Amino acid sequence: MKKFFPVYLRVPVIFFIVFGLMEYCIDSGDRAAFIKYPMVSVFLFVFLFILIAIEITLSAVNRVMYQLMSPEEKAQADHENSLSLKESTWYKELMHKLTKTQPIEKEGDLLMDHDYDGIKELDNNLPPWWVYLFYICVVFGVIYFARYEMFGGDDQEMELKKEMAQAKIDVDEYLKTAPDLMDEKTVVLLTDKENLDAGKEIFTTNCAACHRADGGGQIGPNLTDDRWILGGGIKNLFHTITNGGRDGKGMIAWKGTLKPKEIQKVASYILSLQGSNPKDPKESEGEVWADDTAPHPDIANGKPADSTEVKK
């Protein structure tokens, strides 16, 4: 066997098999395990050293054993080493176990009475590998039929539908906590000072040129009053900043320039400017906007709402 798989092939193959298994089993992110974890490199180096040492030792033992053989044993060993792969003893034994073939000398015992234009039939046994594979297929077929036809197991189409439904649930859950995948449906208003200060910085850098630093409006509308052209509230404002204003005369879409988390911060800052009354603000545009999803103040306090009161 060693003749057909020499040491200069055996050592690298074994080493890279172990190396591949370690890379597969060790979670090292986007870096190779032997780079991220130095101990893996140490282990691989020691393993390679031991592997080479084993091969050297075995080679020395084989040479010593050969020298201790009798002349007849040496001749037998040399004869075995001179045989080709198909002539070697271990290969013949392996093929016999797999095929159960009879030697050509026993062909007469296997001849059947069938004769077709000089073509005769031998009563050979089926190869064991074929017989075992056939039995495995029969067992698999019975189990498969019972599982999916008798007991109503999920077929591929049903499994796909369930996996897609679960994937949608997982994506929705992830979107609730993934700031850079936020949209107008999941955005919430920020009120803490740290985020509002960050939003102010973004506003000053990107928005003040059109809306003034105080939000009073210049080219763009006044952002400090209670009127909105495309709707107020954090969700509408997030949508407007992300996708841009009115076609032809509105502001540009900031999607791609600002991250969703940054848009959330600047939108929250803009809403914090409500009622700040800057000096010489631009004339109000749009309509008064009220959050229809917010409870009426009287209802929130446990009182019935006045049916004559008009919503803004």
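Predicted model: local features only at pLDDT ≥ 70, side-chain atom pairs only at ≥ 80, totals over all residues.

Student: How many residues does H3 have, and how far does it reach?

Tutor: H3 runs over residues 38-67, which gives 30 residues. From its first C-alpha to its last it reaches 44 Å, close to the 44 Å expected at 1.5 Å a residue.

Student: New topic: at what angle do H11 and H12 cross?

Tutor: The axes of H11 (residues 233-243) and H12 (residues 260-272) cross at roughly 125° and come within 9 Å. That angle makes H11 oblique to H12. The crossing is right-handed.

Student: Which residues make the contact?

Tutor: From H11, they are Gly233, Ile234, Leu237, Phe238, Ile241 and Thr242. On the H12 side, they include Ile263, Val266, Ala267 and Ile270. The residues of this contact divide into 10 nonpolar, four polar and no charged.

Student: Let's zoom in on Ala267. Is Ala267 buried or exposed?

Tutor: Ala267 counts as buried, because its relative accessibility is 0%. This residue sits in helix H12.

Student: And what does Ala267 touch?

Tutor: Leaving out residues up to four places away in sequence, Ala267 touches Ile234, Leu237, Phe238 and Ile241.

Student: How far apart are Ala267 and Leu189?

Tutor: They are 78 residues apart in sequence, and 8.1 Å apart in space from C-alpha to C-alpha.

How values were computed
Residues numbered from 1 in each chain as written. Heavy atoms only, no water. Axes fitted to C-alpha atoms, helices over the stretch in contact; angles between N-to-C directions. Helix = DSSP H or I, 4+ residues; strand = E, 2+ residues; numbered from the N terminus. Parallel < 35°, antiparallel > 145°, perpendicular 65-115°, else oblique. Left-handed = near helix turned anticlockwise from the far one by under 90°. Contact = heavy atoms within 4.5 Å. Nonpolar A, V, L, I, M, F, W, Y, C, P; charged D, E, K, R; others polar. Buried < 20%, exposed > 50% of the residue type's maximum accessible area, 1.4 Å probe, protein only. Expected span 1.5 Å × (residues − 1).
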